[in-house]
Amino acid sequence: MLSYILRRIVATLPVMAIVALFVFSLLYIAPGDPAVVIAGDQASPEDVERIRQSLGLDRPFLVQFGGWVWRILHGDLGTSIFTNLPVSAMIGQRLGPTLSLMIVTLLLTIVVAVPLGVVAAWKAGSLIDRVIMGFAVFGFSLPVFVVGYMLAYIFALELEWLPVQGYTPLTQGFWPWLENLILPAIALGCVYIALVARITRAAMLEVLQQDYIRTARAKGLGQGGILFIHALKNAAVPIVTVIGIGIALLIGGAVVTESVFAIPGLGRLTIDAILRRDYPVIQGIVLLFSFVYVLVNLMIDVIYTLVDPRIRY
């Protein structure tokens, strides 16, 4: 198992290298001269040249890329052009709200979607199955911002059960922290819940047709034990896979969700940086999101070795 994990870690290195090259190239992919764009229409040629030198744009591409990678390896993501603050410090200030939103959404998805998928497979072809799968199709079809505005209007503005926007740190209490995340987590998790529920149902349907399930029923084992102990365990591989892949949905959806509910997280920071064309901040955030996605997929590979003994070596 250790050798398998080491091989997977080594395999991620070229991926991160390609991601780093792409992220650094954002300066050159963007239309126009980045220094001119940053300086604005009223800037003098001297101002543009000064910005170009501060960004290192007057040096060869490979020299710039090498220096940028060297600084990243030493924990330096650069400095914001507009706030003159270190990018790592800005990300650290905004990391808490985004991490909280993603954790709550992930837990909500697992708690809701997996049981729904199991029940739908158990009652395959029945009215319950149709209702659950209808919800899955409906949830997968709605954009995050539409669900967010609907939830905010109904539960925050009309019923006044939950706050409509903002974020409260966990240090100020568990419930104040959670109540600000309930609506954003539901809005962000709708697509994720629908996806995981459908995959869980498909995986469970395949497992429930196996001979050992019929044997367990013939021995008188309860339906709950068959579904959640024997069947779900053997259907775990595709479920874990889609949960890991869905992290990308969370990362992309967090940008929209944080804007709808005014959560001061990395999503809001990304939008602000894009609007101001603050390239160092954009590069730092994209690099962080890419690293998290690669790390999550690496963790899924490790989990595979625990749930499927056939791939331990």
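**Helices and core**

Trainee: Which residues of helix 5 are buried?

Mentor: Helices are DSSP runs of H or I, at least four residues long, numbered from the N terminus. Buried means under 20% relative accessible area, and exposed over 50%, with a 1.4 Å probe and protein chains only. In helix 5, the buried residues are Gln64, Phe65 and Trp68.

Trainee: What kind of model is this, and from what number are residues numbered?

Mentor: This is a predicted model: local features need pLDDT of at least 70, side-chain atom pairs count only at pLDDT 80 or more, and totals for chains, interfaces and linings use all residues. Side-chain values use heavy atoms, leaving out hydrogens and water, and along each chain, as its sequence is written, residues are numbered from 1.

Trainee: Why do the buried residues of helix 5 line one face?

Mentor: Look down the helix axis. The arc is taken from the directions from the axis to the C-beta atoms. The buried residues of helix 5 line one face because they fall within an arc of 95°.

Trainee: How many residues does the largest nonpolar core have?

Mentor: A nonpolar core is a set of buried Ala, Val, Leu, Ile, Met, Phe, Trp, Tyr and Cys residues joined through side-chain atoms within 4.5 Å. Trp68 is among those with the most contacts inside the largest one, as are Met204 and Phe261. Helix 10 (residues 182-208) gives this core its largest share, 14 residues. The core's total is 65 residues.

Trainee: Is Leu250 buried or exposed?

Mentor: Leu250 sits in helix 14 (residues 247-260). Contact means heavy atoms within 4.5 Å. Not counting residues up to four places away in sequence, Leu250 touches Met102, Thr105, Leu188 and Tyr192. Its relative accessible area is 1%, so Leu250 is buried.

Trainee: How are helix 14 and helix 15 placed relative to each other?

Mentor: Axes are lines fitted to C-alpha atoms, for helices over the stretch in contact, and angles run from 0 to 180 degrees between N-to-C directions. The two helices pack at about 90°, with axes 7 Å apart. Ala254 of helix 14 and Ile271 of helix 15 are among the residues making the contact. Angles of 65 to 115 degrees count as roughly perpendicular, so helix 14 and helix 15 are roughly perpendicular.

Definitions and conventions
Parallel < 35°, antiparallel > 145°, perpendicular 65-115°, else oblique.
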